[in-house]
Every structure is written in structure tokens, then in C-alpha cells.
Amino acid sequence: MWIQKKAFTLLEVVLALMVMASGLFILTNSWASTYSRLRKTQIQVQMAALLERKVTEIEREYKNKSLESIDDEKEDDFGSELPQYSWKMKSKKFEMPDLTALLTSQKGGADANMIALTKVYTEFISKSVKEVHISVIYKEGKKPIVADVTIYMMDFNRTLPLPGAGGGS
């Protein structure tokens with residue numbers, strides 16, 4: 001008389017282990033890529049916050065000061081609490097494009113007074129605005145990650161030179 005035992009065969013056990021191993025492999029890969037994306041997002045959010053902080057600091061530092069007092073280049077880090085992050089600032093004179101060609105190309109053209117006034121405004125804006133480029137750099141690994149922004153600092157105390165109005169600088 002044969003006694004029938006209810007048990008798994010070796011083949012069934014091996015198949016079950018293969019299914020479990022592949023499921024575990026897929027789950028581990030999913031977690032690893034999710035962690036990588038989460039880390040990248042965390043770095044980008046940190047860089048955006050540091051960039052906003054640095055822009056605010058620079059705006060406050062040069063508020064109500066002449067444009068000439070703005071450094072051409074400046075760089076530093078964010079201290080020992082954020083050793084992978086650093087920042088860099090570069091400033092240059094704002095170049096206002098010549099708008100007289102735009103005026104003269106319109107139907108009927110522009111008269112000499114309009115052209116002269118446009119040149120005065122163009123020169124005034126070029127002298128009253130300075131372009132400031134600010135970058136935050138994250139260094140970890142081979143390739144640094146950079147987030148940057150360009151702001152325009154204005155000298156609101158400069159007098160607008162209007163021909164025949166007695167103003168000017």
C-alpha cells in the first residue's frame with residue numbers, strides 16, 4: 001500500500017524560487033532608480049533655493065549703490081554645512097541695442113528728433129543697467145551641475161538727460 005504524501009517536487013521549488021528572485025530583482029531595481037531620481041530632485045531643489053538666496057543677498061548688497069560698485073567677478077562657497085555647493089557671480093555692462101533702425105524701417109520712417117531721442121534713451125539705459133549673471137555649482141562626481149540666472153541691476157538715481165530740458169549727467 002502506497003502512502004501518498006502531499007509535498008512539492010524539486011522542480012516546483014526551483015520554479016517558485018526563480019519567480020521570487022525575479023520579483024525581488026525588479027523591486028530592487030525600481031527602488032534604486034527611484035532613490036536616484038529622488039536624490040537628483042533633492043539636489044535641484046537645494047540649488048534653486050541657494051540660487052534664490054544668493055540673488056537676494058546680491059540685490060540687498062548693492063541696493064542704492066552705484067553700478068560701478070558691483071564687482072566684475074566674485075565667487076565663494078556656502079560654508080561647511082554645504083561643502084559641495086559653491087557660487088559665482090559675473091557682471092558686465094548692459095548693451096542696449098540700437099533701435100533707430102527699427103524706427104526708420106517703419107512706414108513713413110522717423111524724423112531726426114525721434115532718432116536723437118531714441119539714441120539718448122538707448123545711451124541712458126546702457127549706463128543705468130548692469131547685467132549680473134549668478135551661478136550655483138554642485139560638485140560631486142565627475143561632472144558638476146550648474147544652475148544659473150541673469151538679473152539686471154538698475155541705477156534709479158541716474159538723471160534722464162532730456163535735450164533742452166536742463167537734465168543730464
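This is a predicted model: local features need pLDDT of at least 70, side-chain atom pairs count only at pLDDT 80 or more; totals for chains, interfaces and linings use all residues.
1. Residues are numbered from 1 along each chain as its sequence is written, and side-chain values use heavy atoms, leaving out hydrogens and water.

2. Take Tyr 85 and Tyr 138: with centres 4.9 Å apart and planes at 50°, the pair is tilted (planes under 30 degrees apart are stacked, over 60 edge-to-face, the rest tilted). Tyr 85 sits in strand β2 (residues 85–93) and Tyr 138 in strand β3 (residues 129–138), so the pair ties together parts 53 residues apart in sequence. Strands (E, at least two residues) and helices (H or I, at least four) are DSSP runs, numbered from the N terminus. Both tyrosines, Tyr 85 and Tyr 138, are buried (under 20% relative accessible area; exposed is over 50%, partly exposed in between; 1.4 Å probe, protein chains only).

3. Next, Phe 94 and Tyr 152: their ring centres are 5.6 Å apart and their planes at 80°, so this pair is edge-to-face. Phe 94 belongs to the loop between β2 and α2 (100–104), Tyr 152 to strand β4 (residues 145–154), and 58 residues separate them. Phe 94 is buried at 17% relative accessibility, whereas Tyr 152 is partly exposed at 45%.

4. Finally, a look at helix α1 (residues 10–61), where Leu 10 is found. Leu 10 has 68% relative accessibility, so it counts as exposed.

Notes: Rings of Phe, Tyr and Trp (its six-membered ring) pair if their centres lie within 6.5 Å; planes under 30 degrees apart count as stacked, over 60 as edge-to-face and the rest as tilted.
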